[in-house]
Amino acid sequence: MYTPPVKLYETPEITGINRLPMSGAPVTESERFNLDGQWDFQLFDRPENMPEDPGSITFSDKITVPSNWTLGNFGDLPHYTNVVMPFDNDPPFTPEKNPCAVYRTTFTLPEKFSGRRIVLHIGGVESYFELFLNGQFLGMGKDTRLPSEFDLTTMLIAGENTLIAKVIRYSDSSYIEDQDQWWMAGIYRSCFIYSTNFAYFEDIFINGDWDHQNHTGIFDFNCHLAFHFAKYLAQHGPDADLTVKFTLTGSDKAKIAEYSGTIDRHFRIDGYKFHARLILDNVSPWSSETPTLYNCTAELFDHDGTLLDSRTMRTGFRNVRIENNSLLVNGKRIMIKGVNRHEHDPLTGKTLSLESMLEDIRLLKQYNFNAVRTCHYPDDERWYDLCDQYGIYLMDEANIESHANFETICRDPRWKNAFISRVERMVLRDRSHVSIIAWSPGNESGDGENHTAALEKLRTLDDSRVIFHNCETHANWNQLGHADTGGNDALNQIFCPMYIGIDELRAYDDNPETTRPAILIEYAHAMGNSSGSLCDYWDLFYSGKKTQGGFIWDWVDQGILQHDANGKPFYAYGGDFNDFPNDSDFCCNGMLASDRSLHAGMYEFRHLVQEIRISRQGDTVFRLTNCRDFTSLTDFAGSWRMEKNGLLIRSGNLPQFHHLRPGESLDFTIDTDGLCRMEDEEIFLTFTFTAAKDLPLIPAGTLLAHDQFDLTAQIPAAPRPKAPAQSISAEKNGGIVTLSNAVCQLRFSPENNLQLFAGNDLIASDLFEGNLFRAPTDNDIIKGKALDTQLWKPYCQCMKAGLDKCINKITGYQLEDHTLKINREIICDGGTVLFDQTITMLDDGSFAVQCQYRIPESFPTLPRVGVSATLHNMDEFEYFGRGPFENYIDRKRAAMVGLYNSSATENSRFNYAVPQEHGNRTDTRMVKFPGKNAILRFTGAPVFEFTATKFTVAELFAAKHFCELPEHEETFLFLDLQQRGIGTGSCGPQTLAQYELNDKSYTFAFRFTVE
């Protein structure tokens, strides 16, 4: 039994032993012998407690391969940190308690593998492993996110063979895998065995370039042969030349091209390498809009024509370059409509199914994303195949992040080999994938000599893509600030900052000395109820000269499905596994919830980046524009509808627009002749575009684009007849004031505040108490983090002022005719808000409410300005405003004005990992709540915002998970003049000034009726 002389898992200079070179020539699944399934398993608390001979272990457990043992019932649990290491930061050493495991499986190879070279493929292991075959040391590997392969040929025995893996959770690799995700452990990607002849393709690299001016494809074929030493040693190497042949076919299997050449048997002639370049007229380009693929079959023949090896790969033709401050694909300046995507499943962790990957592709395509950054490591090989097939631009990122050692490891020579190896292996495996348009040498790992060496290696392997290297944009060793100009384009070709403010980005775009295209590697931190100001970013992206989009952080919440003591499900985040230190729910910042249900930012993004747009050219003249880069609009169906106060009055199909080429427009008129309205009615025209037929992963009828316009001012209005007067009364009896009509009574007393009755039924209580606080979103504060680490955030200033614990106090009241005036104070630790209300019962039986707020000068920006109420036996509601999904002042462009139905119960089923503010609707004209015996209706003067939920602000603030929230029969209603925008401040910029509430005086008016 081999015993390493040193702790290899604490020796960063050594990245692998006996590991075969990375190959870009995969074998098909039909040629594999699958090792996935149940393996014997034994967990230990530290490497020192593992027996020296792993074959001597008596196994007591089983584990599924692939999987993370940290999600099994083995006692070692997931750990979440963002920047800090999960153990004492002392590179390259690991913690004393370092869980490790021994895996064992047995296999008997099929007869067809007999007499051939046999290779073991280990898809992915976190984070260090050693292999033993039939009691002999086979090899060792690091680099958690890429596969490792080993030659088994000489170590196999007839019949049953025993394979053992020793896996250690933490290693020196952990210091450069310090990524913002869960620390897991185990063999989490598939394992299999395959066979080859003794002469075989060690690597194949195919690349299809596209000449957009001549409309020709340039196809480069490169291969490298290798030979099994034992087979060829006796004859001193190959005894004859070999022939390489490749055939290019289309999706219909029609032959596009064929070529063959000879590889000299003498290494000194061509190094067992072969290259050919073909210029092809009969191919079409690949892009995210037209992901046209071709099959390339490579064959290797002996001198007598015997087939030795055959591999089939897919390719496409596209050109990527930078020209005139722009990133071009196939000669066009594209917009990167991207997102960062961690590999995560709420049940299986880092082990992903093909179905899960397809679901991600489906959502990406249906919501108009066209690009993904594989943050912060290379993904499962199947992901690249799907992106090739369905058309997703990829930035492929190396498995390098040393966030806790940002300034040092990138220039520490002990890790130089690891940096080079990880970049090299990524490029060798992935470079034939047409979807990859950019490489990244890692994330948040500084910018040092080790990066330079890795990128120099990268350029020798592939020079057909651009390089993103975010850390190169920092002027100093640390992560602060951006160096807009200068720098070596060989190390980074893009200005790719993280979480840059819009003003700073605009300054970069306006600066004549800046030369790189600006593509944000991370922006719009989508944590919880977030994605505020996406519209402001995209306004600048489209209007700027150098701005070309970016990658939202990030795709899916990394919650892990768990159940509480009562069996209620919840999604766990940092700290829920007693993991310390941790970064709380900072792993839950996706455009999707952990179960891949949508957050509302998805609707906003789909609208902002849609491929077809309508603009207004006159009162009833509109312009339809094809916003695509490469294709016409033949796959869209377009229609329009006209609604009066949300009710359909006219509709139709749009004129023929399918012929429009990219950038072309069509003007048309919508007839409004004969339309009329009452003066309090509004007319909106909405255009919708759907898939005209079934497309890959996009069923016919799927909404892909929409725009809306207010026609109210163009339609003549007639005055509405005055409502008939009702019998109304106002009286004061002792300390109780009652305003009454035939349907309801509004009662006020200092003890019970305002109560609303329909007959004898109480339908609303605690009416119109002043409300300036909301349950914090993750952008407001991160509840799981200490407040003293977030004091710079406006919400901490709100809490310092005591807005979270304010008291409503009535200081006086008076009844004048049918008007009740109430003087109130909202008492907070940092000052007192003077809050006066005037409630007037009108002749038609409605109530007009006016609220006046006077804010102390010392107060910070406010979370909201409004009132609250508790509704009884009222759950469902109908409203005329923006919807149907929740929206906020800085995230409302996708929400169309219309008439919608929902309920407080439905509104409360939010999918944020941490309970927080939710369910708001902006620009509301009317909302009504039907009850058992009455309908309560609120109307704006002219508009308001509202939220109807089953939870109080205090309950939302206190709860860590949805399952902790109590259940209420009542509905809690919040009517607001405005809520503060939601911004992206959990990591990115705070709410922009135009969406804040900074005034010191507000007037809020609305009406209500009981019907």
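Residues are numbered from 1 along each chain as its sequence is written, and side-chain values use heavy atoms, with hydrogens and water left out. Because the model is predicted, local features need pLDDT of at least 70 and side-chain atom pairs count only at pLDDT 80 or more, while totals for chains, interfaces and linings use all residues.

Helices (H or I, at least four residues) and strands (E, at least two) are DSSP runs, numbered from the N terminus. Strand S7 (residues 117-126) is largely enclosed by the rest of the structure, because ten of its ten residues are buried; buried means under 20% relative accessible area, exposed over 50%, and partly exposed in between (1.4 Å probe, protein chains only). Two strands are taken to pair if DSSP finds at least two bridges between them. S7 runs antiparallel to strand S14 (residues 186-196), with nine bridges joining the two, and Val-119 stands opposite Tyr-194 of S14. S7 is also joined to strand S10 (residues 148-151) by four bridges, again in the antiparallel sense. Here Ile-122 has Ser-148 of S10 as its bridge partner.

Strand S45 (residues 736-740) is mostly covered, with four of its five residues buried. Five bridges pair S45 with strand S44 (residues 729-733) in the antiparallel sense, and Lys-732 has Val-737 of S45 as its bridge partner. The hairpin of S44 and S45 has two residues between the strands, and Gly-734 takes a positive phi near 65° in it. Thr-738 is partnered by Arg-747 of S46, and the hairpin from S45 to S46 passes through three residues.

Leu-242 lies in strand S17 (residues 242-249) and is buried, with a relative accessible area of 4%. Apart from neighbours within four places in sequence, the contacts of Leu-242 are Ala-199, Phe-227, Gly-261, Thr-262, Ile-263, Leu-300, Phe-301 and Leu-308. The C-alpha atom of Leu-242 is separated by 54 Å from that of Ser-597, 355 residues apart along the chain. Lys-166, in strand S11 (residues 161-168), counts as buried at 14% relative accessibility. Not counting residues up to four places away in sequence, Lys-166 touches Met-50, Pro-54, Ala-101, Val-102, Tyr-128, Phe-129, Glu-130 and Phe-132.

The axes of helix H3 (residues 354-366) and helix H4 (residues 381-390) come within 10 Å and cross at roughly 35°. Axes are lines fitted to C-alpha atoms, for helices over the stretch in contact, and angles run from 0 to 180 degrees between N-to-C directions. In this contact, residues of H3 including Leu-354, Met-357, Leu-358 and Ile-361 meet residues of H4, among them Trp-383, Leu-386 and Tyr-390.

The largest nonpolar core has 74 residues, and those with the most contacts inside it are Phe-369, Tyr-523 and Ile-552. Such a core is a set of buried Ala, Val, Leu, Ile, Met, Phe, Trp, Tyr and Cys residues joined through side-chain atoms within 4.5 Å. Helix H5 (residues 416-430) supplies the largest share of this core, seven residues. A second, separate core has 73 residues, including Ala-758, Phe-847, Leu-871 and Tyr-1002.

Conventions
Contact = heavy atoms within 4.5 Å.
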